[in-house]
Amino acid sequence: MGTGKVFLVGAGPGDVGLITVKGLEAIKQAEVILYDRLANPKLLEFAPDNCELIYGGKLPDRHFLRQENINDVLVAKALEGKTVVRLKGGDPGVFGRVGEEAEALANHQIPFEIVPGITSGMAAPLYAGIPVTHREHAESFTVVTAHDKSQEGKPLLDWASLARGMDTIAFYMGVRNLPYICENLVAHGKPAETPVILIQWGTFGRQKTLQGTLADIAAKAEEAKFSNPAIILVGYVASLREKISWFEKKPLHGRQILLARTSEGESELAKELMRQGADVIEFPRWKRIAAPVNEEIMGTISSYQKILFTSPESIEEFFTALKNHGVDIRKITADLFGFSIKTINALKERGFVPALIDEMSDGGKMLVVGDGGAQVQKYDNADFWKTSDKKVDEQFFSIFKRMMDDADVNTVVFPSSASVEPFITALQKFGIETEAFLKNVQVVGMGKQTMGEVAKLGLAESGMPKKATKEALVEYLTGPWPEKTPANR
């Protein structure tokens with residue numbers, strides 16, 4: 001067994017779209033990923049199914065893995081011959097201790113690469129509408145750690161140089177020390193009226209900002225109970241925010257959506273919601289195991305008047321089986337239906353003109369193609385071709401918990417009727433009391449049949465878009481939030 005290789009990867013500031021192409025390629029080939037708290041957990045979904053995921057994140061009041069332990073894990077896994085990714089929030093070279101990790105690998109002659117990432121000190125201000133330099137306001141910029149190697153919890157810094165020599169200063173993770181920071185900058189020459197902006201969870205849909213000056217920002221932060229993770233940006237360039245703020249003007253900014261997941265692939269619906277400014281957590285994560293081909297049904301495929309596909313994956317598996325067995329797809333004369341828009345689009349890509357399940361009439365010989373989930377049980381008069389087994393990937397339960405701890409979910413979206421029961425079952429298995437959890441959130445279903453499934457389980461719904469499309473959903477969510485949902489009346 002040879003020695004493996006380690007990639008020390010910057011995950012960027014939070015928005016998954018900000019990871020580099022090279023960083024994403026490393027994740028996709030990883031056998032082990034050791035990730036930090038500030039690396040967006042959604043990036044882990046690009047890892048192979050059999051990838052080992054290890055949490056090495058740190059919080060201000062506790063450490064899950066100390067740096068020495070992290071170094072040891074990287075070395076041990078690489079010596080097992082594995083491809084290892086160390087996934088770090090922001091850029092690994094900016095307060096990321098990548099030098100210590102690379103040094104440990106070099107000491108053991110383990111090959112490694114360092115993949116830069118976008119650092120939060122520049123990205124978070126830009127998402128708040130503030131460039132860190134500007135010809136009229138700021139010709140210099142510096143980043144400062146406000147919590148590392150500190151005395152009595154106070155950073156040891158050259159305050160005079162910072163106050164007099166830098167136009168724009170980005171302090172990392174310094175909210176706890178904000179009064180101390182402001183006092184020292186003013187004491188060493190920075191005008192008390194210098195603008196300051198705090199940016200929490202920068203580049204996430206949950207991003208929050210708080211503006212003030214060196215004279216009053218500490219009091220404002222205490223009143224607002226502002227906390228880390230946050231960037232403290234000091235400088236007159238912050239005044240540009242009023243003109244060029246853009247991210248927080250997106251239609252779904254502030255929406256923290258829990259999206260019921262029905263497949264293991266990337267969700268176009270989730271991507272659209274994120275493009276419109278929302279934070280999206282998809283749950284549960286699925287893994288799929290291929291099932292034996294149903295030879296009997298394949299031989300009589302031309303006899304069906306209706307074929308209902310439960311997922312995009314079932315379409316791929318179905319047509320792959322036909323191709324591998326030499327079955328001419330022109331034998332399919334049935335009308336084709338899908339449980340969701342994503343399934344419909346997958347059929348359209350193959351040249352068919354399908355319809356949603358809501359449009360399916362009664363009667364006619366019917367075939368249901370899918371993974372055998374609970375949604376097919378009501379079609380007891382239909383034949384069923386099980387193309388695969390789909391199981392909840394429980395390795396992601398701990399990741400889901402951390403995502404939920406950091407988020408404040410205010411919206412739950414069910415994209416199809418097939419998504420409701422598995423979502424509720426997985427939540428219960430995870431230990432969440434569904435009725436209590438959904439009590440104070442907006443519950444949205446895509447289509448009448450979906451809303452019927454929600455009601456059937458005794459869950460109160462808030463409403464649905466005019467059409468079961470991602471565009472209609474965005475329009476619906478952009479509208480006024482209900483003062484009281486049916487769940488909490």
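Gln109 has its place in the loop between H3 and strand S7 (112–115), where helices (H or I, at least four residues) and strands (E, at least two) are DSSP runs numbered from the N terminus. This is a predicted model, in which local features need pLDDT of at least 70 and side-chain atom pairs count only at pLDDT 80 or more, whereas totals for chains, interfaces and linings use all residues. Residues are numbered from 1 along each chain as its sequence is written, and side-chain values use heavy atoms, with hydrogens and water left out.

Although Gln109 is not a glycine, its phi is positive, at about 55°. Most residues other than glycine have a negative phi, and most peptide bonds are trans. Gln109 is exposed, with a relative accessible area of 72%; here buried means under 20% relative accessible area, exposed over 50%, and partly exposed in between (1.4 Å probe, protein chains only). Phe95, likewise not a glycine, has a positive phi of about 55° and lies in the loop between strand S6 (83–88) and helix H3 (98–107). Phe95 counts as partly exposed, because its relative accessibility is 41%.

The backbone also holds cis peptide bonds. One joins Asn228 and Pro229, with omega about 0°, and Pro229 is found in the loop between helix H7 (217–224) and strand S12 (230–234). Another joins Phe283 and Pro284, with omega about -10°, and Pro284 sits in the loop between strand S14 (279–283) and strand S15 (286–290).

Phe283 leads on to the aromatic rings. A search of the whole structure finds 20 aromatic pairs, where rings of Phe, Tyr and Trp (its six-membered ring) pair if their centres lie within 6.5 Å, and planes under 30 degrees apart count as stacked, over 60 as edge-to-face and the rest as tilted. Among them, Phe283 and Phe430 form an edge-to-face pair, 6.2 Å centre to centre with 65° between the planes. This pair links distant parts of the chain, since Phe283 belongs to strand S14 and Phe430 to helix H14 (residues 420–430), 147 residues apart. Phe283 is buried, with a relative accessible area of 3%, whereas Phe430 counts as partly exposed at 22% relative accessibility.

How do helices H13 and H14 pack? Helix H13 (residues 397–406) and H14 pack at an angle of about 90°, with their axes 11 Å apart; the axes are lines fitted to C-alpha atoms, for helices over the stretch in contact, and angles run from 0 to 180 degrees between N-to-C directions. H13 and H14 are therefore roughly perpendicular to each other, a label that covers 65 to 115 degrees, while angles under 35 degrees count as roughly parallel, over 145 as roughly antiparallel and the rest as oblique. Phe397, Phe400 and Lys401 in H13 meet Ala426, Leu427, Lys429 and Phe430 in H14, a contact meaning heavy atoms within 4.5 Å.

Turning to the whole, the protein has 17 helices and 23 strands, and 53% of its 489 residues count as buried. Among contacts between residues at least 6 apart in sequence, 70% join residues at least 24 apart. The average pLDDT, the predictor's confidence in each residue from 0 to 100, is 89, and 94% of the residues score at least 70.
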